Amino acid sequence: MTAETSVSAISVSDTPIRPRRVAFDWENTPVHWIPGDAPSTHLINVLHLLLPAGEKWFVHVYKQALPLITDDKLREDVRGFMGQESVHSYSHAAVLDHLRDQGIDTRGYTKRLDWFFFDFLGDKPLIPMPALEWLKLRLSIIAAVEHFTALLGKWVLDNEELDILGADPMMMDLLRWHGAEEVEHRSVAFDLYQHLGGTWGRYPRRVEGMVFTAPALLGLWQIGASYLMRHDPSIPDRRYTFRDMRRAARQDRVPSYLMLIGAIPRYFKPSYHPEGEASTQKAIDYLATSPAALEAERRAAARRDKLSA
Ligand SMILES: [Fe+2]
Ligand SMILES: [Fe+2]
């Protein structure tokens with residue numbers, strides 16, 4: 001396939017990807033929203049640290065890719081993806097204010113993440129290379145990240161253990177609404193990368209993106225969990241250990257590293273496509289019942305009625 005080849009053949013879903021402008025109220029969410037389990041809570045809370053900067057960076061990079069897209073369907077999907085990721089970013093950022101109200105100041109970590117995304121992976125190439133090649137490399141990194149976000153979305157949609165434990169319903173709705181949209185738009189970043197390709201070959205660049213992304217993501221996750229445990233004033237003598245991660249994964253309270261690492265070889269298959277990684281129907285089914293998504297639909301309908309009146 002050439003860079004200009006239409007992707008419509010591999011974009012299975014015909015449902016337009018569009019943002020749902022959700023809102024959450026964190027006032028009644030306890031600090032350890034997985035009851036009695038600070039390490040599992042903070043392992044998942046790392047998402048609130050990583051995603052505001054990470055997803056803002058996706059949108060920043062995609063603004064540069066948008067004018068290069070020659071396929072109308074893909075352009076619309078990318079616009080919808082950007083809208084969804086923007087809402088994800090600010091929705092998770094709002095949780096950071098709630099953590100600060102509970103005495104957990106995350107700025108020491110999030111400032112470093114801002115540097116990581118907007119300086120280290122910013123618009124100036126890490127090593128000398130043409131700006132277009134640097135853009136394509138960053139597109140391959142985003143495609144690799146989206147392989148993991150689709151898996152995380154699938155995990156949280158399938159998980160029953162957190163409900164059995166009585167995890168905070170507002171937090172579960174945030175995670176499942178976001179997870180469902182990750183599943184819904186799981187093919188967009190990959191299709192975009194395939195569409196624009198790379199002059200050094202599309203496949204090697206794809207592999208390069210994953211080789212960078214997998215250790216970076218898993219490392220940032222561990223560092224984030226450790227940071228949150230150290231800065232949680234309600235557990236002053238408790239430190240995060242890798243054993244916490246193993247225990248929480250075994251109990252199905254957090255996604256396991258084995259599941260995530262085990263998914264990497266699939267990404268390396270030349271025939272890989274994200275469509276086979278999760279069920280869009282399952283995502284749509286959740287979004288049809290999500291309190292936040294339903295409320296967003298109601299507000300959007302009210303706005304439309306007002307405009308047409
Ligand atoms: Fe997202
Ligand atoms: Fe995403």
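Me: What share of the 309 residues in the chain is buried?

Reply: A residue is called buried if 20 or more other C-beta atoms lie within 10 Å of its own, exposed if 12 or fewer, and partly exposed in between, with C-beta atoms placed from the backbone. Here, buried residues make up 40% of the 309. Keep in mind that this is a predicted model, where local features need pLDDT of at least 70, side-chain atom pairs count only at pLDDT 80 or more, and totals for chains, interfaces and linings use all residues. Residues are numbered from 1 along each chain as its sequence is written, while chains are lettered from A and ligands numbered from 1 in the order in which they are written.

Me: How many helices and strands does the chain have?

Reply: Both are DSSP runs numbered from the N terminus: helices are H or I with at least four residues, strands are E with at least two. This chain has 13 helices and zero strands.

Me: Which residues have the most contacts inside the largest nonpolar core?

Reply: In soluble globular proteins, nonpolar side chains tend to be buried together. A nonpolar core is a set of buried Ala, Val, Leu, Ile, Met, Phe, Trp, Tyr and Cys residues joined through C-beta atoms within 7 Å. The largest one here has 71 residues, and Val-46, Ala-65, Val-78, Leu-139, Ile-142 and Leu-192 have the most contacts inside it. Helix α4 (residues 131-158) gives the largest share of this core, 14 residues.

Me: What does Leu-139 touch?

Reply: Two residues are in contact if their C-beta atoms, placed from the backbone, lie within 7 Å. Leaving out residues up to four places away in sequence, Leu-139 touches Val-61, Ala-65, Leu-192, Tyr-193 and Leu-196.

Me: At what angle do the axes of helix α6 and helix α12 cross?

Reply: Two packed helices are described by the angle between their axes and the distance between the axes. Axes are lines fitted to C-alpha atoms, for helices over the stretch in contact, and angles run from 0 to 180 degrees between N-to-C directions. Here α6 (residues 169-184) and α12 (residues 280-287) cross at roughly 145°, with axes that come within 8 Å. Among the residues making the contact are Trp-177 and Ala-180 of α6, and Ala-283 and Tyr-286 of α12.

Me: Where is Asp-252 found?

Reply: Asp-252 sits in the loop between α9 (242-250) and α10 (257-262). Its phi is near 60°, a positive value in a residue other than glycine. Asp-252 counts as partly exposed because it has 17 C-beta neighbours inside 10 Å.
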